[in-house]
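Subject: Structure for your review

Hello,

Please find the structure below, with the sequence. My notes on it follow.

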Amino acid sequence: MSELRELARFLSGLRWEDVPEEVRKTVRLLLLDNLGAALGAAKAPLPGAVAGVYLPLAGEKGRVSLWGRGTKAPLTTAVFLNALAGDALGLDDLHTGSKTHIGVVVIPAAWGLAEQLGCSGEELLLAVVCGYEAMARVGKALGVSSHRKQGWHATATAGTFGAAAACGKLLGLDEEEMTSALGLAGSQSFGVWAFLGDGTNSKSLNPARAAVSGCEAALLAKAGMTGPEHILTAPDGGLLTAMTREGDAAQAAKDLGTVWEILQMDNRPYPCARSTHGAVDGALALRREHRLSPGEIDWVWVDTYQVGFQQCGCGEGSLRPRTPAQAKFSTPYCVACGLLYGEGASPFHTGMDLKAGGPGIFASDCGNGGQRADGGLSQALGEPGHGGMPGRAAAFGGGHRCFRECGQSADPGAGAGQGSGAYPGKSRGEGGGHCRGHSGVGSGGRPAGAVTLGGTLHPVYLPFGGLK
């Protein structure tokens, strides 16, 4: 039996009474969280502009609610627009093991079809559980790091499977039909990261189109269209051949019914890329505990893993963000927002001061001080996606003081900070790992006396030009 068929058998046979209570509670919270993220974007410019173009073309005989707009639209139009809104603020949830934002794809698709069909709340929740389990597992099967490094956007590529699973459950697909629905979903698997380099605002298109494609895959399977059961493993055109060098089809059916991937979701506290959050946490903690003012800070170093560096630290848009889309994927911008504005910083949402050259971030070129991408950190963390991030990793130096904030480490048993003793006692490390102080100029052009975080991990340096 193929892994895809095994997954389809599980999905088609799953009953609400089979779902553990912890999963039941979690799916309710995830639905509310994603709905809240979409409602928060009800007045965002891009979703509104797209709705203004789409709705007149879609006609007025819709049965599916447009969240936050007080109107309804035909099924696929509503699914598309609700998913577009769900991604707009960058607050959608994240499955760390597969690097997929599941809710923004699965919930609009499931909600839309459930409303169209007049399903019960329990049927909707069960369908959403199916969508989360399918999308997470396919995302893991695609080989997270390799898939991303080849430019594929897993929220879209795996997203079609999640939407198909959820909608297939609402349609009552049997094992054979569900297998076809997943195969048809994979036949439409798509989505790349090219938007990041240009700083375009088209990222939302990926989850929105995946939600619609997955929904349509389920409808087509219900109508009798058959899909390729071996869409993952086919030598000619299989996704694991086309999209990754580290695929593992077994992940698609691993531990079904015993390990619930829906319990492994992150909810984003900041509306920016999850790769930036560990450093933002460190910045906020230092600002809060040491009452830092921007004038005290001369430089900032942040450790991250290889994909985090590629995604949020080395591109032109990350180093010199000029649009809100680029700012969300800029560790320098997001950390500076945390330092300058503290908790709930509005620039996270709007990039409102980008036209003024960023949030007072760059005294000069953001690239000053050099940078280095070292695969050792990724290897130490296993680079499963975002889950192995060295959370709270940030270092800030200025004047006669140095501050540090440590989080996860590959060596949790390591001791307290050690190094050259170049700094006075107003420094702090926490989280179980050890911080190492360095004197002199080291590799990557670190300034004299820089603090590197992460203990035995090999850091990737993201230099800032200074705060003003």
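The largest pocket holds about 710 Å³ of space. Its lining is made up of 36 residues, and those closest to the centre are Asp87, Ala88, Pro324, Ala325 and Lys328. Two or more lining residues come from each of helix 3 (45-58), helix 4, helix 8 (154-157), helix 11 (194-198), helix 17 (324-328) and helix 19 (347-350). Sorted by class, the lining has 17 nonpolar, 13 polar and six charged residues.

Helix 4 (residues 75-88) also packs against helix 5 (residues 103-117): their axes come within 9 Å and cross at roughly 150 degrees. The crossing is right-handed. On the helix 4 side the contact is made by Leu75, Val79, Asn82, Ala83, Gly86 and Asp87. Helix 5 contributes Val104, Pro108, Ala109, Gly112, Leu113 and Gln116. Seven of the residues in this contact are nonpolar, four are polar and one is charged.

The mean pLDDT of the protein is 78, and 73% of its residues reach 70 or more. Over residues 360-468 the pLDDT is below 50, although this stretch has 293 contacts in the model beyond near neighbours in sequence. Where pLDDT is low, predicted coordinates should not be read in detail.

Regards

Key. Residues are numbered from 1 along each chain as its sequence is written. This is a predicted model: local features need pLDDT of at least 70, side-chain atom pairs count only at pLDDT 80 or more; totals for chains, interfaces and linings use all residues. Side-chain values use heavy atoms; hydrogens and water are left out. Axes are lines fitted to C-alpha atoms, for helices over the stretch in contact, and angles run from 0 to 180 degrees between N-to-C directions. Helices (H or I, at least four residues) and strands (E, at least two) are DSSP runs, numbered from the N terminus. A crossing is left-handed if the near helix is turned anticlockwise from the far one by less than a right angle, and right-handed if clockwise. Contact means heavy atoms within 4.5 Å. Ala, Val, Leu, Ile, Met, Phe, Trp, Tyr, Cys and Pro count as nonpolar, Asp, Glu, Lys and Arg as charged, and the others, Gly among them, as polar. On a 1 Å grid over the protein atoms alone, a cavity is a set of points where a 1.4 Å probe fits but cannot get out, and a pocket is an open set with protein on both sides within 12 Å along at least five of seven lines; lining residues have an atom within 4 Å of a point. Grid points are joined across faces, edges and corners, and a volume is the space filled by probe spheres set on the points. pLDDT is the predictor's confidence in each residue, from 0 to 100.
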